[in-house]
Amino acid sequence: MKPANWSLRLAKVDDADAMPAIERAAAELFLADPDLKDFDPEDTWTPAELRAMIRKGHCLVSHVGGEMAGFLVSEPFRQRELHIWEMDVLPQFQQRGIGAGLIRAAQIDARNSGFRALTLTTFRDLPWNAPFYARLGFEEVTALDAHPRLAGELAVEADDGLPIERRCAMIHFLD
């Protein structure tokens, strides 16, 4: 593991232009999985979409020196949950605790903002997906009928071609 020498802060609207390149670079990891041969790393959030999310006030960025190294995009739902749509770290800055730092900062932000939980959807079996989030306090949602919004997100992902049997929704309840 490389030494931690990074910082994080709330995202600013101007950060949106750098985020798609980070998302693309991080998405390259998925291409090594033969079941994801149709995965398109070029299918990223647009700067306009990211600016709209940043304006909602719960997105984060991390930097190593002057370079943006990663980001987390989240959105409030009914003032009860903060949903993490995307979290990426540039490959050259992975394994430094940046991703975990982004998640922990989102947990603090959500708790301080009065949310009851953080939610996300992810791959159940990839080590940098569900197992990573589980180490940070997330649990797989097994009763999707009790979480129709998350069930709907998984259905959209299936329609978009992601292998539904490998996807899951996760939740982290805040104390």
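Leaving aside neighbours within four places in sequence, glutamate 153 is in contact (heavy atoms within 4.5 Å) with Trp85 and Thr121. Glutamate 153 belongs to helix α5, where helices (H or I, at least four residues) and strands (E, at least two) are DSSP runs numbered from the N terminus. Glutamate 153 is buried but has no salt bridge. The nearest side chain of opposite charge is arginine 149, 5.0 Å away; Lys and Arg count as positive and Asp and Glu as negative, while His and the chain ends are not counted. Buried means under 20% relative accessible area, exposed over 50%, and partly exposed in between, with a 1.4 Å probe and protein chains only.

The model is predicted: local features need pLDDT of at least 70, side-chain atom pairs count only at pLDDT 80 or more, and totals for chains, interfaces and linings use all residues. Residues are numbered from 1 along each chain as its sequence is written, and side-chain values use heavy atoms, with hydrogens and water left out.

**Salt bridges**

- A salt bridge is a side-chain nitrogen of Lys or Arg within 4 Å of a carboxyl oxygen of Asp or Glu; the count by this rule is seven.
- Glutamate 81 and arginine 149 form one of them, at 2.6 Å from N to O. This pair links distant parts of the chain, with glutamate 81 in strand β4 (residues 81-89) and arginine 149 in helix α5 (residues 148-159), 68 residues apart. Both glutamate 81 and arginine 149 are buried.
- Glutamate 140 and arginine 124 form another, their closest N and O atoms being 2.6 Å apart. Here too distant parts of the chain are linked: glutamate 140 is in strand β6 (residues 139-140) and arginine 124 in the loop between β5 (117-123) and α4 (130-135), 16 residues apart. Glutamate 140 is partly exposed at 34% relative accessible area, and arginine 124 is partly exposed at 33%.
- Arginine 9 and aspartate 15 are also bridged through their side chains, at 2.8 Å from N to O. Arginine 9 is partly exposed, with 27% relative accessibility, whereas aspartate 15 is buried at 8%.

**Aromatic rings**

- Rings of Phe, Tyr and Trp (its six-membered ring) pair if their centres lie within 6.5 Å; planes under 30 degrees apart count as stacked, over 60 as edge-to-face and the rest as tilted.
- Tyrosine 133 and phenylalanine 138 have ring centres 5.7 Å apart and planes at 70°, so the pair is edge-to-face. Tyrosine 133 is buried at 8% relative accessibility, and phenylalanine 138 is buried at 3%.
- Trp45, Phe77 and Trp85 make up one aromatic cluster.

**Charges over rings**

- A charge sits over a ring if NZ of Lys or CZ of Arg is within 6 Å of the ring centre and within 35 degrees of the ring normal.
- Arginine 149, the salt-bridge partner of glutamate 81, lies over the face of phenylalanine 77 at 4.2 Å from the ring centre.
- Arginine 167 has its charged end over the ring of phenylalanine 123, 4.5 Å from the centre.

**Cysteines**

- A disulfide is a pair of cysteine sulfur atoms within 2.5 Å, and the structure holds zero of them.
- Cysteine 59 is buried at 1% relative accessibility. Cysteine 168 is buried with a relative accessible area of 2%.
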